[in-house]
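Thank you for making the time this morning.

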Amino acid sequence: MEVPHEKFLQQEDEPLVKKALSFLTSALLEPVRENGTFKESIVHEEKQALKSKIKNIADDKVRYANGRLIEEMCKDETYGIHPYGSYDEVEALTTQDLEQAYESLLENDQFDLFITGPGKVDELTPVLNERKASFKSRAVETSTKVNGSTNNGREVIEHQDLQQAKLHLGFRVPYTASDEEYATVLVANGIFGAFPHSKLFVNVREKESLAYYAASRYEPYKGLIFAMAGIGFEQFEKATKIMTEQLDALKAGDFTEDELTTTKLMIKNQILEQVDTARGNIDLMYQNVLTGRERSVEERVNEIDAVTREDVERVSKAIELDTVYLLTGKEERA
């Protein structure tokens, strides 16, 4: 929830954040019920909304392709399950299923509360004390198993009625946000494909004109890197070769000091921009909880500054291609 502080309002005596916290906890702990259970009409509405989100993913081919890549990479892992579930699974849910999940959430799950902004903690203490007995929150193990590549670059090709093919490459990296190498992986991925000056964008899109877009993304809680490009149907082999060559260049130290310096500057700017927003600031604090590592903003920036060329080479050599996924048109590839 976001609410203004009362010092910016007229005729407001009681702290609004106190009222907001009271409302938030009541929404969590006192859901609307009918005949002792969740109200059927509300359950129906929420199921329809979630099914609509699942359908919309299929219409967004970039999101769809990345989701399918994760499914293929992580078939036997919890991470391979889409956070929305499947359409049929949502359709089959009953009110009783949701009641059981809700009770389990209150009984077994970890509850973290983050509040940021002006004001004093003691303003909120009475509200928290009122609700304390209702939360049976306990510490939950959140460590994620980092798996090595088992697919060895396996190709998965799917055909749909498309105007443009989507090529997504999935890599495994044995480092997550919990590790000392986290900052180095951020820099390595930045040089690889996270920014407009990165190798994927420059070499795949600008120099070779093979792609409508080309970028990469690091998943810091699972140890995955996704590289993606929108290509012509006939460019699959050539685009895949050039994309994997950009990672090979990192492993060989084939990048300039300007690429390294610019990437580090971009990442530091991202950190500073993130902490300037309430939600971004909370995201950073929550990462500290999830990883068990307390990193201040200054420490994060210093970690990026400390990354060397040798660090990038070393970490890049540990990155392995796992799966190549192509979503392409129905005609035969050239």
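**Pocket, cavity, sheet and helices**

Three helices, namely helix H1 (16–29), helix H6 (125–131) and helix H11 (278–291), each supply at least two residues of the lining of the largest pocket. Please keep in mind throughout that what you see here is a predicted model. The pocket itself has a volume of about 1,000 Å³, and its lining consists of 31 residues, of which Met 1, Val 17, Phe 114, Ile 115 and Thr 116 lie nearest the centre. If we sort the lining of the largest pocket by class, we count 19 nonpolar, 5 polar and 7 charged residues.

How many cavities of 30 Å³ or more does a search of the whole structure find? The search finds 1, and the volume of the largest cavity is about 30 Å³. Its lining is made up of Ala 188, Asn 189, Phe 192, Ile 225, Leu 247, Leu 250 and Ile 319. Helix H7 (182–194) and helix H9 (236–251) each supply at least two residues of that lining, and the largest share, 3 residues, comes from H7. By class, the lining of the largest cavity has 6 nonpolar residues and 1 polar residue, with no charged ones.

Let me move on to the sheet. As a reminder, strands of a sheet pair through backbone hydrogen bonds, either parallel or antiparallel. In this model, 5 strands form an open sheet, and reading across it the order is E3-E7-E4-E6-E5, with mixed pairing. At the edges sit strand E3 (154–159) and strand E5 (211–219), each of which pairs on one side only. On average, neighbouring strands of this sheet are turned by 15° against each other, with direction ignored.

Finally, H3 brings us to a contact between helices. The axes of helix H2 (residues 40–59) and H3 come within 5 Å and cross at roughly 100°, which means that H2 is roughly perpendicular to H3, given that angles of 65 to 115 degrees are counted in that way. On the H2 side the contact is made by Ile 57, Ala 58 and Asp 59, and on the H3 side by Lys 61, Arg 63 and Tyr 64. Sorted by class, the residues of this contact divide into 3 nonpolar and 3 charged, with no polar ones.

Note on methods
Residues numbered from 1 in each chain as written. Predicted model: local features only at pLDDT ≥ 70, side-chain atom pairs only at ≥ 80, totals over all residues. Heavy atoms only, no water. Pairing = 2+ DSSP bridges. Helix = DSSP H or I, 4+ residues; strand = E, 2+ residues; numbered from the N terminus. Axes fitted to C-alpha atoms, helices over the stretch in contact; angles between N-to-C directions. Parallel < 35°, antiparallel > 145°, perpendicular 65-115°, else oblique. Contact = heavy atoms within 4.5 Å. Nonpolar A, V, L, I, M, F, W, Y, C, P; charged D, E, K, R; others polar. 1 Å grid on protein atoms, 1.4 Å probe; cavity = no way out; pocket = protein on both sides within 12 Å on 5 of 7 lines; lining within 4 Å. Points joined across faces, edges and corners; volume = space filled by probe spheres on them.
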